[in-house]
Amino acid sequence: FRNRAALFAKPLAGGPEQQLSDYVRQEIAVADEGIYYFGRTGQDGKTPILFYQFSTKTALPTATISQRLEHGGMAVSPDRQTILYSAYTSWGSDLMLIENFR
């Protein structure tokens with residue numbers, strides 16, 4: 001699945017890159033103190049939102065999403081009190097029969 005990868009950091013002054021997480025989806029949001037990202041979806045269908053804190057170099061869970069996520073991005077409000085993301089609200093499709101189509 002192409003929207004998952006590891007998360008790395010590389011010093012601007014040079015030096016080796018450092019792996020921050022072995023799993024992130026392509027949707028991330030960067031804040032002054034760290035990075036918000038979606039973790040692995042569990043067996044229960046819930047997906048954690050994690051915050052990688054630059055100062056402590058640790059990932060902390062901040063929220064859990066119970067909907068199936070859509071690939072549309074993530075944004076965090078300036079006060080870091082609200083996270084915006086895309087999710088499916090229903091699942092399925094429509095099937096139609098068109099008679100006498102010309």
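Glu27 is buried, with a relative accessible area of 3%. The model discussed here is predicted.

Visitor: Where does Glu27 lie, and is it buried or exposed?
Guide: A residue counts as buried when its relative accessible area is under 20%. For Glu27 the value is 3%, so Glu27 is buried. Its place in the chain is the loop between β2 (18-25) and β3 (28-30).

Visitor: With which residues is Glu27 in contact, leaving aside its neighbours within four places in sequence?
Guide: Contact requires heavy atoms within 4.5 Å. With the neighbours within four places in sequence left aside, the contacts of Glu27 are Tyr36, Tyr37, Phe38, Glu70, His71, Gly72, Gly73 and Met74.

Visitor: What is the radius of gyration of the protein?
Guide: The C-alpha atoms fill a box of roughly 70 × 30 × 30 Å along the principal axes. A compact globule of 102 residues would have a radius of gyration near 13 Å. The value for the protein is 18 Å.

Visitor: What share of the 102 residues counts as buried?
Guide: The accessible surface of the protein comes to about 7800 Å², and 51% of it belongs to carbon and sulfur atoms. To count as buried, a residue must have under 20% relative accessible area. Of the 102 residues, the share that does so is 24%.

Visitor: Is Lys57 buried or exposed?
Guide: Lys57 is found in the loop between β5 and β6 (58-65). Its phi is near 55°, a positive value in a residue other than glycine. Exposed means over 50% relative accessible area. With 54%, Lys57 is therefore exposed.

Visitor: How does Arg80 count in terms of relative accessibility, and what is its phi?
Guide: Arg80 lies in the loop between β7 and β8 (83-87). At 32% relative accessibility, Arg80 falls between the 20% and 50% limits and so counts as partly exposed. Most residues other than glycine have a negative phi. Arg80 is not a glycine, yet its phi is positive, at about 60°.

Visitor: Which strand has the highest confidence?
Guide: The mean pLDDT of the protein is 83, and 93% of its residues reach 70 or more. Confidence is lowest in strand β7 (residues 69-76), at a mean of 79. The highest value, 92, belongs to strand β5 (residues 47-53).

Note on methods: Residues are numbered from 1 along each chain as its sequence is written. This is a predicted model: local features need pLDDT of at least 70, side-chain atom pairs count only at pLDDT 80 or more; totals for chains, interfaces and linings use all residues. Side-chain values use heavy atoms; hydrogens and water are left out. The radius of gyration is taken over C-alpha atoms; the globule rule is 2.2 Å times the number of residues to the power 0.38. Buried means under 20% relative accessible area, exposed over 50%, partly exposed in between (1.4 Å probe, protein chains only). Accessible areas come from the Shrake-Rupley method with a 1.4 Å probe; for residues, only the protein chains shown count as cover. Helices (H or I, at least four residues) and strands (E, at least two) are DSSP runs, numbered from the N terminus. pLDDT is the predictor's confidence in each residue, from 0 to 100.
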